[in-house]
Amino acid sequence: MNFIDKLNAAWKRNDSLLCVGLDPDTARFPAHLAGTPSGIVEFCKAIIDATADLACAFKPQIAYFAALGAEDQLEAICKYLRENYPHIPLILDAKRGDIGATAHQYAREAFDRYGADAVTVNPYMGFDSVEPYMEWKDRGVIVLCRTSNAGGSDLQFLDVGGQPLYQHVARLVAEKWNKNGQCALVVGATFPEELAQVRAIVGDMPLLVPGIGAQGGDIEATVRSGRTATGTGMMINSSRAIIYAQPQGGEDFAAAARRVARETRDAINRYRG
């Protein structure tokens with residue numbers, strides 16, 4: 001099953017557009033996991049187990065692992081996902097952007113080393129920086145388009161032939177780059193009007209949508225702007241708001257994550273139509 005098929009199945013199976021981000025920050029771990037060699041793996045496994053029936057995808061952010069020298073732990077977590085939840089897409093959030101042989105090595109890292117179903121990439125260097133990922137025709141290539149950070153406007157709103165750059169990127173990917181039907185776009189929840197414009201450009205192409213939760217994006221505006229006619233089309237990501245949810249009433253960290261994930265999934269579903 002390729003990435004797009006797996007994503008479509010996950011939307012239906014779990015009745016969910018929620019993507020759970022895995023951003024391990026050991027300073028925020030429960031005391032019994034902080035400072036232990038296995039703490040990162042145990043923490044992420046617990047989050048995965050607690051939220052797997054509520055998510056349409058999991059998205060480990062590679063920087064949080066690499067900064068700790070925890071690439072081996074990331075491999076273990078990806079293996080755990082593949083073996084225990086093979087029906088849920090695994091997205092490696094790496095935002096790679098380089099050309100030729102180097103891009104091919106980054107693709108090998110994402111798809112062969114970590115076994116990701118999809119990877120995020122930066123289109124700034126053009127199609128030959130994205131094309132090597134497409135050699136893995138069953139995997140997803142998720143291209144940065146309109147990012148959720150405020151500074152994204154520094155470049156993404158530059159005029160390109162009468163349209164902002166982010167819209168040019170959306171058209172390039174939808175009309176020229178998506179030769180194998182494996183592409184998706186990153187469009188932030190913090191800019192719902194731009195999200196709606198991208199949806200109009202790309203049709204039913206999947207969108208990875210960061211920016212709710214800790215970044216404050218509005219769920220109703222996000223869903224109404226980015227949903228497809230079938231009420232799907234999005235992987236709406238929440239990371240810190242879920243995995244570091246404040247326990248209540250005797251909950252442990254995993255139960256708190258599950259509660260917030262369920263609340264978020266249900267809030268999204270209220271506006272799917």
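**Exercise 1.** Is Phe 29 buried or exposed?

*Solution.* The model is a predicted one.
Step 1: Locate the residue. Phe 29 lies in the loop between strand S1 (18-22) and H2.
Step 2: Consider its relative accessible area, which is 8%.
Step 3: Apply the cut-off. Buried means under 20% relative accessible area, so Phe 29 is buried.
Step 4: Identify its surroundings. Leaving aside neighbours within four places in sequence, Phe 29 is in contact with Pro 24, Ala 34, Gly 39, Ile 40, Phe 43 and Tyr 244. Tyr 244 is 215 residues away along the chain, yet the C-alpha atoms of Phe 29 and Tyr 244 are separated by 8.0 Å.

**Exercise 2.** Determine how H2 and H4 are oriented to each other.

*Solution.* 
Step 1: Take the geometry. H2 and helix H4 (residues 71-84) pack at an angle of about 25°, and their axes are 9 Å apart.
Step 2: Apply the cut-off. Angles under 35 degrees count as roughly parallel, and H2 and H4 are therefore roughly parallel to each other.
Step 3: State the handedness. The crossing of H2 and H4 is right-handed.
Step 4: Examine the contact. Residues of H2 that take part include Ile 40, Val 41 and Ile 48, while those of H4 include Ala 76, Ile 77 and Leu 81. By class, the contact of H2 with H4 has 8 nonpolar, 1 polar and 2 charged residues.

**Exercise 3.** Describe the largest nonpolar core.

*Solution.* 
Step 1: The largest nonpolar core has 93 residues, and among those with the most contacts inside it are Phe 43 and Leu 207.
Step 2: Helix H2 (residues 39-51) supplies the largest share of this core, 8 residues.

Notes. Residues are numbered from 1 along each chain as its sequence is written. This is a predicted model: local features need pLDDT of at least 70, side-chain atom pairs count only at pLDDT 80 or more; totals for chains, interfaces and linings use all residues. Side-chain values use heavy atoms; hydrogens and water are left out. A nonpolar core is a set of buried Ala, Val, Leu, Ile, Met, Phe, Trp, Tyr and Cys residues joined through side-chain atoms within 4.5 Å. Buried means under 20% relative accessible area, exposed over 50%, partly exposed in between (1.4 Å probe, protein chains only). Helices (H or I, at least four residues) and strands (E, at least two) are DSSP runs, numbered from the N terminus. Axes are lines fitted to C-alpha atoms, for helices over the stretch in contact, and angles run from 0 to 180 degrees between N-to-C directions. Angles under 35 degrees count as roughly parallel, over 145 as roughly antiparallel, 65 to 115 as roughly perpendicular and the rest as oblique. A crossing is left-handed if the near helix is turned anticlockwise from the far one by less than a right angle, and right-handed if clockwise. Contact means heavy atoms within 4.5 Å. Ala, Val, Leu, Ile, Met, Phe, Trp, Tyr, Cys and Pro count as nonpolar, Asp, Glu, Lys and Arg as charged, and the others, Gly among them, as polar.
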